[in-house]
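These are my notes from going through one structure. I looked up how the chains meet and then what surrounds each ligand.

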Amino acid sequence: MPESSETALLIEHLDVRFGKGDGAVHAVRDVSVTVKRGETFGLVGESGSGKSTVLRAISGLAKDWTGRIAVDGTDLGKARDKAFYEKVQMVFQDPYGSLHPRHTVDRTLGEPGRIHGITDVGARIESILRDVGLGPEFRFRFPHQLSGGQRQRVAIARALMLEPKILLLDEPTSALDVSVQAEILNLLQRLKREFGLTYILVSHDLAVIAHMCDRLAVMNSGRVVEELTADQLRRAEPTDRYTKQLLTASLGYNRATADSLLTFD
Amino acid sequence: MTAPLLEVDGLSVRFPSRNRVVEAVRNISFSVGREKVGIVGESGSGKTMTGRSVLGLIRPPGIVTARKMMFDGIDLLALSEKQMRDIRGNRISMVMQDPKFSLNPVMTVGKQIDEAYRVHSGASARDAKLRTLEMLEAVRIRDPERVYNAYPHEVSGGMGQRIMIAMMLVPEPDLLIADEPTSALDVTVQMQVLAIVDDLVSQRGMGLMFISHDLNLVASFCDRVVIMYGGQIVETCKAADLHNAQHPYTRGLLASLPRVDRPVDQLSTLVREESWKLEPGVDARIL
Ligand SMILES: Nc1ncnc2c1ncn2[C@@H]1O[C@H](COP(=O)(O)OP(=O)(O)OP(=O)(O)O)[C@@H](O)[C@H]1O
Ligand SMILES: Nc1ncnc2c1ncn2[C@@H]1O[C@H](COP(=O)(O)OP(=O)(O)OP(=O)(O)O)[C@@H](O)[C@H]1O
Ligand SMILES: [Mg+2]
Ligand SMILES: [Mg+2]
């Protein structure tokens, strides 16, 4: 898809590395992706294939990258400023690591608000907690007093505090039960409609991807091996061998299928 | 019939705080034989606390009570902390829901698995390393040598989960409690990793408590399912029959799943009935 004024996010020939010399990991290899404004773009693929690293490069957490990343037509350098985080927010894959263990929910949600000068942070916290399905009784709890799913809802609430335009969602519902997942996915859809948001969504659940996304890219070993529309995914029409295998495996556990799975490089 | 590997009768877990008590688990009874028992239920329904209770891992101020907790002829309720430690990580292992949180951040992945193995087997450092590399390969880590020398923050979410699984399988436990062990894995790697666990159950007679949100996975992978709500077991059935479950709560969970073959605008969500919490709960023991 060519770049245009409709492009919210452009990634061209992105390479990301960790470390130098012999021990270097080349985690993302020549990835190019264009996401239109208002679109939800899916990223799926093998564990360790570089999905989170792509999101981390966009959000400035993985610094050793080459290629081009542009948000709303503006090329990004290595550093990200305050304005960037008002436009782009990330929900991390690992809600345990990303919540400060000694900060209450109130403090976790309040801090970005105060840094970015939101007035009436308290009211915003209350409404955002309601939005993610947590009652006011959760406001002064610590992470260890929350279940896994409750923590992830706090992480999503934190990303929404600044009303960003682009949300990078790394497995936002894989720690949630299916009914909370449905609530969160409905919430994300509603916010998208109301605020014209753009999402990049990493998920292992192809049904979630089909439900949420317009298009998706399939990654393996740091590369994008195939781009599909959600309709192509629904009709199970992949061309790439790895994608085909992914679709087979998504039908459910089968001991014999497990033995037939191949590793692709 | 012989006694099940694990029998739990009347387990409750409470967290008292200043003005109220959180009843995380309320008087549940279940058993695990040399089989795969799935535990499903919404977030906060008490799945993790159930698993942790079996291992004596509920921290104060949490209070655990039960009429009975028998593991392979051992009365878990009567064990001292030291005796419990011997069982833990030796005969019963738990893969925690939060892999990175459970790994030591300043120690390489390889050293941590080595240690788990050496404590259990008394093997030499060299043998332990070989065994660790073997396990990393078994859980489909692509470059075991690199990951052996990596720190937890240098591996992906799904790699962290596989490292935890490798570490917990090293001592060859009789009972594995796996809390969302594969939620960060793509479906192909997930299937390969589960095949290893499956083989341990069918070939070595390990028992498995498989805590998961993934109803389709539980239906296809497990033998039996226990469904939890509000700290209770509200229903139990054969895994293969999960899609025909009867309780409105279970039906609500199933209805909220997105489906590749059936697009909808809005996903249906659960409407919780007050009365569910007042039900007596079901006994999920097979004795
Ligand atoms: N800080 C780091 N230092 C070294 N290597 C890293 C670092 N972060 C990630 N990697 C490596 O980069 C590769 C890609 O990791 P990434 O987290 O992007 O995978 P992923 O596709 O998100 O996988 P998953 O689905 O398991 O989360 C992996 O091999 C990982 O070990
Ligand atoms: N230390 C604590 N103090 C107070 N309440 C707690 C504490 N730990 C857990 N809880 C509460 O106990 C209940 C059960 O928690 P548990 O972690 O077992 O849920 P879960 O079924 O594993 O949920 P999830 O699927 O989200 O992981 C939750 O309501 C949780 O908030
Ligand atoms: Mg990831
Ligand atoms: Mg849990």
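I started with one salt bridge, the one in which the side chains of R272(B) and E183(A) meet at 3.9 Å, N to O. I use the term for a side-chain nitrogen of Lys or Arg within 4 Å of a carboxyl oxygen of Asp or Glu. The count between chain A and chain B is four salt bridges.

I noted how to read the values. This is a predicted model, in which local features need pLDDT of at least 70 and side-chain atom pairs count only at pLDDT 80 or more, while totals for chains, interfaces and linings use all residues. Residues are numbered from 1 along each chain as its sequence is written, chains are lettered from A and ligands numbered from 1 in the order in which they are written, and side-chain values use heavy atoms, with hydrogens and water left out.

**Entry: the interface**

I looked up the polar contacts next and found 19 residue pairs between chain A and chain B, both residues at pLDDT 80 or more. A polar contact is a pair of N or O atoms within 3.5 Å; within protein, one must be able to donate a hydrogen and the other to accept it, and residues adjacent in sequence count only if both atoms are side-chain atoms.

Which elements give two or more residues to the side of chain A that touches chain B? I listed α6 (148-160), α7 (178-195), α8 (206-212), α9 (230-234), α10 (241-249) and α11 (255-260) of chain A. Helices (H or I, at least four residues) and strands (E, at least two) are DSSP runs, numbered from the N terminus. The most comes from α7(A), with eight residues.

By class, I have 20 nonpolar, 22 polar and 10 charged residues on that side of chain A. Here Ala, Val, Leu, Ile, Met, Phe, Trp, Tyr, Cys and Pro count as nonpolar, Asp, Glu, Lys and Arg as charged, and the others, Gly among them, as polar.

For the totals, 52 residues of chain A are in contact (heavy atoms within 4.5 Å) with 51 residues of chain B. The two chains bury about 4,000 Å² between them, 57% of it on carbon and sulfur atoms. Buried area is the accessible area (1.4 Å probe) that two parts lose on being put together, summed over both.

**Entry: ligand 1**

I found ligand 1 between chains A and B. Of the 21 residues around ligand 1 (a heavy atom within 4 Å), S47(A), G48(A), T53(A), R146(B) and S156(B) come nearest.

Chain A places a polar side-chain atom of T53(A) 2.4 Å from an oxygen atom of ligand 1, and one of H204(A) at 3.2 Å from an oxygen atom of this ligand. From chain B, a backbone N or O atom of G157(B) lies 3.4 Å from an oxygen atom of ligand 1. The protein covers 89% of the 640 Å² of accessible area (Shrake-Rupley method, 1.4 Å probe) that ligand 1 has on its own.

I sorted the shell around ligand 1 by class into five nonpolar, 12 polar and four charged residues.

**Entry: ligand 2**

Ligand 2 also lies between chains A and B. I counted 20 residues around ligand 2, the closest being S43(B), G44(B), K47(B), T48(B) and Q97(B).

An oxygen atom of ligand 2 is 2.7 Å from an N or O atom in the side chain of T48(B). A backbone N or O atom of S45(B) lies 3.2 Å from an oxygen atom of ligand 2. The protein buries 90% of the 640 Å² that ligand 2 exposes when taken alone.
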